[in-house]
Amino acid sequence: MIHPVIMAGGTGSRLWPMSRQLNPKQFLKLTNGPLSMLQATVARLEGMDAANPLLICNEEHRFLAAEQMRQSGHEDTRIILEPCGRNTAPAIALAALQLTEAAESGADDPLMLVLAADHLIKDVTAFQEGVKKAIPLAREGKLVTFGIVPNHPETGYGYIHRGTELGPDSYLVDKFVEKPDQATANGYLDSGEYLWNSGMFLFGARQYLEELEAHRPDILAACRAAIADTADDLHFTRINAERFAECPSDSVDYAVMEKTDKAAVVSLDAGWSDIGSWSALWEVSDKDADGNSLTGDVITHNTANTLIRADSRLVATVGVDNLVVIETKDALLVAHKDSVQDVKTVVERIKTDGRHEHMNHREVYRPWGVYDSIDNGARYQVKRITVKPGAKLSVQMHHHRAEHWIVVSGTARVTNGEKTYLVTENQSTYIPVGQVHSLENPGVIDLELIEVQSGSYLGEDDIVRYEDRYGRK
């Protein structure tokens, strides 16, 4: 049995405005129909002799990750929460430490299949066959990475130069090389000896920790200290934030794979992409006869080789070529496909200007459901709120705002001070400033309501929580 470890950190700023800090690309439905990138990663494990996945994600994404795993049928998935980002070497170390601690005394070294949550793999059968080829190598103590057979001279990926053949599609690693210039990439492709570095791995948990001890003992020591002080909260494992913050930040490639003499590579031809930019998404998307990839309410005229995604309204283009047009409820991006790597510069400008469009969408997911800020003014804000069946918002109070709730669909159980009562469709209730209150959906269908806030301050930080079933402070 293998133990999938899915790394779901990162912000995916090159895919703004769809990817946001609080809702990054691994949780978005970009290429897999009804499945997010994370859910598609989990789905491609079906049919393999694999344990329940172990997920590693940022603290601020915990409920989004847990809900998507629940929707995928993995409600009992353990999720290790990183209080801050420290790159892949420490993240994998946390998972390895947890797996070795859980392993029975004398048992085989648990095999970790380390996957990124934001990769596209079109040929699932080829992927699974590649994993099977890697298992014997990992059992022999090799640290196996998966190298993608290149189909064009890509300058945006690192490469692996394969060495001595070990078996079918399996080789020792001769060396890792950085992202090349165009001429070098052309040479790599022509030689047939280079593979793209996918960032996916298979190795024994104890073997990885031994190599980390040999090459980066400082990282291992910090991770041991952090995971020695854990607290379980629902399906989440919280590590010691202060200890983990002291851990050096480094990738598994730099920390281990480029230093070890046990690195092996299995070549993989499975329609892989890391979807690192809008142009990469256009390349792997289905296109019409004019080379356009269109999603949403879109009308085109004399438009070619263009990626258009419309989230909330009609988007029309006339006489354009080789563009990216991404529309969301609160932002619009228009970029030339050859310049999409610079989208992250726009995100930095948004941060510098003190704006909020890099943080979250207008529609915000919470563990109890979702809300959409549909209108706002100087002293008011209007939200559309959806509460899942059986879910309950925290018992809370606001110092600066009153709230008026109008139920559109379903039934609400409202606690308003000392009173608790039901509010049904076409009924409303009022929550005064300073009143302790809560909202719950006791029914079996979604509760939908309109919330009108009014007051001198309407920020989300004006919440004093008294009780919360989701462990929020």
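Select helix H6 (residues 205–215). Helices here are DSSP runs of H or I with at least four residues, strands are E runs of at least two, and both are numbered from the N terminus. The cover over the buried residues of H6 includes H3, strand E4 (111–116), strand E6 (143–148), strand E9 (194–204), helix H7 (217–227) and helix H9 (252–257). Contact means heavy atoms within 4.5 Å. This is a predicted model, in which local features need pLDDT of at least 70 and side-chain atom pairs count only at pLDDT 80 or more, while totals for chains, interfaces and linings use all residues. Residues are numbered from 1 along each chain as its sequence is written, and side-chain values use heavy atoms, with hydrogens and water left out.

Now color the buried residues of H6: Ala 205, Gln 207, Tyr 208, Leu 209, Glu 211 and Leu 212. Buried means under 20% relative accessible area, exposed over 50%, and partly exposed in between (1.4 Å probe, protein chains only).

On the H3 side, the contact uses Ala 89, Ile 92, Ala 93, Ala 96, Leu 97, Leu 99 and Thr 100; on the H6 side, Ala 205, Arg 206, Tyr 208, Leu 209 and Leu 212. Axes are lines fitted to C-alpha atoms, for helices over the stretch in contact, and angles run from 0 to 180 degrees between N-to-C directions. The pair is therefore oblique. Under 35 degrees counts as roughly parallel, over 145 as roughly antiparallel, 65 to 115 as roughly perpendicular, and the rest as oblique.

Next, H7. The axes of H6 and H7 come within 5 Å and cross at roughly 120 degrees. That makes H6 oblique to H7. Leu 209, Leu 212, Glu 213, Ala 214 and His 215 of H6 meet Pro 217, Ile 219 and Leu 220 of H7.

Jump to Gln 26, in the loop between strand E1 (2–7) and helix H1 (37–43). Gln 26 counts as buried because its relative accessibility is 1%. Show its side chain: a polar atom there lies 2.8 Å from the backbone oxygen of Ala 8. The backbone oxygen of Gly 9 lies 3.0 Å from a polar atom of that side chain. Beyond residues up to four places away in sequence, Gln 26 touches others including His 61, Gln 68 and Asp 118.

Last, select residues 354–468, which an unreviewed UniProt entry annotates as "domain: Mannose-6-phosphate isomerase type II C-terminal". This stretch is 0% helix and 55% strand, with its end C-alpha atoms 30 Å apart.

Conventions. UniProt positions renumbered as here; feature names shortened; annotations may be inferred. Polar contact = N/O pair within 3.5 Å; in protein donor to acceptor, adjacent residues only side chain to side chain.
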